[in-house]
Amino acid sequence: GWIYAGQFQKGEWSLVSLKLTNNQLPLPSTSYPLAWGTNVRTAPPGTRMNSNNQNLAKHIDYLAEGSEIQVLTVKPSGKNGHIWLEISYGE
């Protein structure tokens, strides 16, 4: 699934959903705890609108604050530094 990681501009986070030990982008194949609860979606945002007139993919799960996720892919989205992560997570 995919989660919103936050906003990363000019080399620093202005908003971040992961508990990071530095001010860098998360690394693929690395695990991190969540700083807050988040929705898991089937895909990152796209240009096609869904039935609610939003470009967000279908919600498939919810992970609570402190849940451990493993980053598979880091994907910038749009022009304002929004970062989405393809993740795997345990039971």
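Select Ala-43 and its contacts (heavy atoms within 4.5 Å). Leaving aside neighbours within four places in sequence, Ala-43 is in contact with Trp-2 and Ala-57. Ala-43 is found in the loop between E4 and E5. These labels follow DSSP runs numbered from the N terminus, where helices (H or I) need at least four residues and strands (E) at least two. With a relative accessibility of 26%, Ala-43 counts as partly exposed; on this scale buried means under 20% relative accessible area, exposed over 50%, and partly exposed in between, for a 1.4 Å probe and protein chains only.

The model is predicted: local features need pLDDT of at least 70, side-chain atom pairs count only at pLDDT 80 or more, and totals for chains, interfaces and linings use all residues. Residues are numbered from 1 along each chain as its sequence is written, and side-chain values use heavy atoms, with hydrogens and water left out.

Lys-58 lies in the loop between strand E4 (38–41) and strand E5 (59–63). Is Lys-58 buried or exposed? Lys-58 counts as exposed, at 59% relative accessibility. Not counting residues up to four places away in sequence, Lys-58 touches Val-40, Arg-41 and Thr-42.

Now move to the core. A nonpolar core is a set of buried Ala, Val, Leu, Ile, Met, Phe, Trp, Tyr and Cys residues joined through side-chain atoms within 4.5 Å. The largest one here has 14 residues, and Ile-3, Ile-69 and Leu-85 touch the most other members. Strand E1 (2–9), strand E6 (68–77) and strand E7 (82–89) each supply at least two residues of this core. In soluble globular proteins, nonpolar side chains tend to be buried together.

Select Leu-85 and show what surrounds this residue. Residues up to four places away in sequence aside, Leu-85 touches Gly-1, Trp-2, Ile-3, Ala-5, Leu-18, Pro-26, Val-71, Thr-73 and Val-74.

From there, go to Ser-77, which has its place in strand E6. Ser-77 counts as buried, at 15% relative accessibility. Which residues does Ser-77 touch, not counting those up to four places away in sequence? They are Pro-45, His-82 and Trp-84.

The next stop is a pair of rings. The structure holds two aromatic pairs. Rings of Phe, Tyr and Trp (its six-membered ring) pair if their centres lie within 6.5 Å; planes under 30 degrees apart count as stacked, over 60 as edge-to-face and the rest as tilted. Select Phe-8 and Trp-13: the ring centres are 5.0 Å apart and the planes stand at 65°, so this pair is edge-to-face. Phe-8 is buried at 17% relative accessibility, and Trp-13 is buried with a relative accessible area of 12%.

Finish with two backbone angles. Most residues other than glycine have a negative phi. Lys-10 lies in the loop between E1 and strand E2 (12–16) and counts as exposed, at 87% relative accessibility.

Then select Ser-29, in the loop between E2 and strand E3 (31–33). What is the phi of Ser-29? The value is near 70°, which is positive in a residue other than glycine. At 61% relative accessibility, Ser-29 counts as exposed.
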